[in-house]
Amino acid sequence: MSSFLLSRSAQSVLQLAAGDTLADQLATQFAVKYGFRPSDSERRSWRLSLPALAQELVECGLGEVEMLVEYQLPLSSLRADVVLAGVHPESGRSSYVVVELKQWSSATVEEDEPRLCTVPGAKRALLHPVSQVEQYCEYLVDFTRVLHDSPGDVVGVAYLHNADDAGVASLLELPPRQYGQMFTASNRTALRTFLNTRLAPKPGIQAAEDLTNSRIAPSRQLMAVAADEIKHQRSFVLLDEQQVAYLMVLRAVRRAHDADSKEVIIVNGGPGSGKSVIALELLGELFRNGYSAIHATGSKSFTTTLRKIAGKGTTQVQKLFQYFNSFSQAGHNHLTVLINDEAHRIRETSNNRYTPAAKRSTKPQVEELIDAARVPVFLLDQHQVVRPGELGSYDEIHAKATEKGLTVRRIDLDGQFRCGGSRTYEQWVLDLLSLSGNPPAPWTGDDRFELAVADNPAALEAHLATKLDQGFGARMTAGFCWPWSDAHPSDGLIDDVVIGSWKRPWNVKGDRGVNGAPPSQLWATDPAGFGQVGCIYTAQGFEYDWNGVLFGPDLVWRTDRWVAAPSASKDTVVARAKPDEFERLIKHTYKVLLTRGMQGTVLYSTDPETQALFHTLADA
């Protein structure tokens, strides 16, 4: 499956538009690629914006330049409107121009943040188109080997073909960037001049093939660059709504500083949409500029790993990573920013069995987190609630903030950066577990992500071991359906996960490694974690290249529906939940486990009927 919907010369695109078949052809390709129909606004954009760009190319002699329409960024579900592929007029090298097309006739930058803008009729702030296309270029350079080696071969252009300079005057005040500049209908001559400096009047087919066939550079995973991110410089490229979320938080920080104000920011997104990347970007930026900011989660594994890798032994940095229940005694607004990552794990209160009676409180944990900072930021995915008592949701946070008279700003992340950026796989998982309202559907395939079903757990482990030998990361996870023993004083970990003749231990229980196996909080990131089976509590929040998931008898398929079995669960806390809640939590558990992989997932179920379902869907 290609990374674009259409690859044609500009002249050919113009001919399709003249015959009124361009939008229909793109809509058909869109439905085949993504499994659903494009929106009316997308079809309207194809019908109006693409011919406007093609016309400019043809009129300045670049009719043979290749137009890659709706180019999907590697390891992401986000798409650039067009990538122009051709030959550089001076160097003779392949040359690329990423184009963001806007139908806006007027727009205004936000007064206190020039990289955000408002458009009549839009209900929220939008990213400045120059910033948007600049981020696309940087992302392509980061992840596409052919551009990573030659970053000067790509530039970005925002073309507002319905606008004149007067209608978007404030947008033009943002100076051109290395990878981005803006043109309107008022300066079409300047656009054509610019295009001719980057593209020669020659066919661009070879350049297009060079880009689309380029090897994807390894993804710089969250943990591997955290130390540099926190202590030195920005290491991630934020795209679209990620960048909007980042800028809105920084704007709220400035307002809090200048006007003694307080805002609540809620960022909602699915697995792999970049929530934790935003969190680290913000923490690094705030920390470097002297603001009091803390990162908090409800996950011991995630927080411990961030302390170990991002802190790199630096006590000052390690203190930036705390837990949700660390703020029960915090002073009101004593922080500028509190970044609550994985906020779906917020609990009713911060009390636990070790909380002294004198310090126990009935105050809701969400209220403690809101009160602790001028700008509390909540990053959450409501489909990752996996334990009873986890209450983090948009509605819960919004209600408490509104009760306090606070402004709440919400950003929804639409991008997908885990699972190879495959929306097809993400949707397949939701359908598989009946979390989308749709029945399980056959896997239609996606060249960005591989799905396989193993015939037995040994085959699953062997498949992952092969990937390890090829230099990838890999882990096995399972539903909590087997006992979890303490390590033996002399023999080490116990082989608790027993399926036929295949036996493996769970990951280490505690904070200290056992006979070479890493402590639980480092299982997902330490190479020695392979060979143990991870559970939901050690896998949640992490990612690895290849993902093996063992379904146990706690969730089985029967004829036409899932049946959840509390009696099969060894998680005593979850098993005590009411039947409907147990089923919801178990489905969420497997959804989390299924979406940890960046490159592919291998499935196996101990239940024959469920295993048959997997084969039916995956082998279709």
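This is a dialogue on how to read a predicted protein model, from its overall form to single residues.

Biologist: Before we start, what should I know about the ground rules of this model?

Modeller: The model is predicted, so to speak of local features we need pLDDT of at least 70, and side-chain atom pairs count only at pLDDT 80 or more, while totals for chains, interfaces and linings use all residues. Residues are numbered from 1 along each chain as its sequence is written, and side-chain values use heavy atoms, with hydrogens and water left out.

Biologist: What is the mean pLDDT of the protein?

Modeller: Recall that pLDDT is the predictor's confidence in each residue, from 0 to 100. Here the mean is 88, and 93% of the residues reach 70 or more.

Biologist: Where does pLDDT stay under 50?

Modeller: Look at residues 218-227. A contact means heavy atoms within 4.5 Å, and the model has 31 contacts beyond four places in sequence for that stretch.

Biologist: Now the fold as a whole. How many helices and strands does the protein have?

Modeller: Both are DSSP runs numbered from the N terminus: helices are H or I with at least four residues, strands are E with at least two. By that rule the protein has 20 helices and 24 strands. Its radius of gyration is 26 Å, close to the 25 Å that the globule rule gives for 620 residues, so the protein is as compact as a globular protein of that length. That radius is taken over C-alpha atoms, and the globule rule is 2.2 Å times the number of residues to the power 0.38. Along the principal axes, the C-alpha atoms fill a box of roughly 75 × 60 × 45 Å.

Biologist: How much of the protein counts as buried?

Modeller: Buried means under 20% relative accessible area, exposed over 50%, and partly exposed in between (1.4 Å probe, protein chains only). Of the 620 residues, 58% count as buried. As for contacts between residues at least 6 apart in sequence, 72% join residues at least 24 apart.

Biologist: Where is Ser434 placed?

Modeller: Ser434 lies in the loop between α15 (423-432) and β16 (450-453), and at 31% relative accessibility it counts as partly exposed.

Biologist: Is a loop residue such as Leu199 buried or exposed?

Modeller: Leu199, in the loop between α6 (188-198) and α7 (205-212), counts as buried at 1% relative accessibility. Beyond its neighbours up to four places away in sequence, Leu199 touches several residues, including Leu62, Val65, Leu84 and Val97.

Biologist: Which residues is Glu390 in contact with?

Modeller: Leaving aside neighbours within four places in sequence, they are His344, Arg345, Ile346, Arg347, Gln384 and Val385. Glu390 is in the loop between β14 (373-380) and α14 (394-403) and counts as buried at 7% relative accessibility.

Biologist: What does Asp607 touch?

Modeller: Not counting residues up to four places away in sequence, Asp607 touches Val556, Trp557 and Arg558. Asp607 is in the loop between β24 (597-605) and α20 (608-618), and is buried with a relative accessible area of 11%. The C-alpha atoms of Asp607 and Gly167, 440 residues apart along the chain, are separated by 63 Å.

Biologist: How about Phe542: where is it found?

Modeller: Phe542 is in the loop between α17 (536-539) and β21 (544-551), and counts as buried at 3% relative accessibility. From C-alpha to C-alpha, Phe542 and Val453 are 22 Å apart in space and 89 residues apart in sequence.
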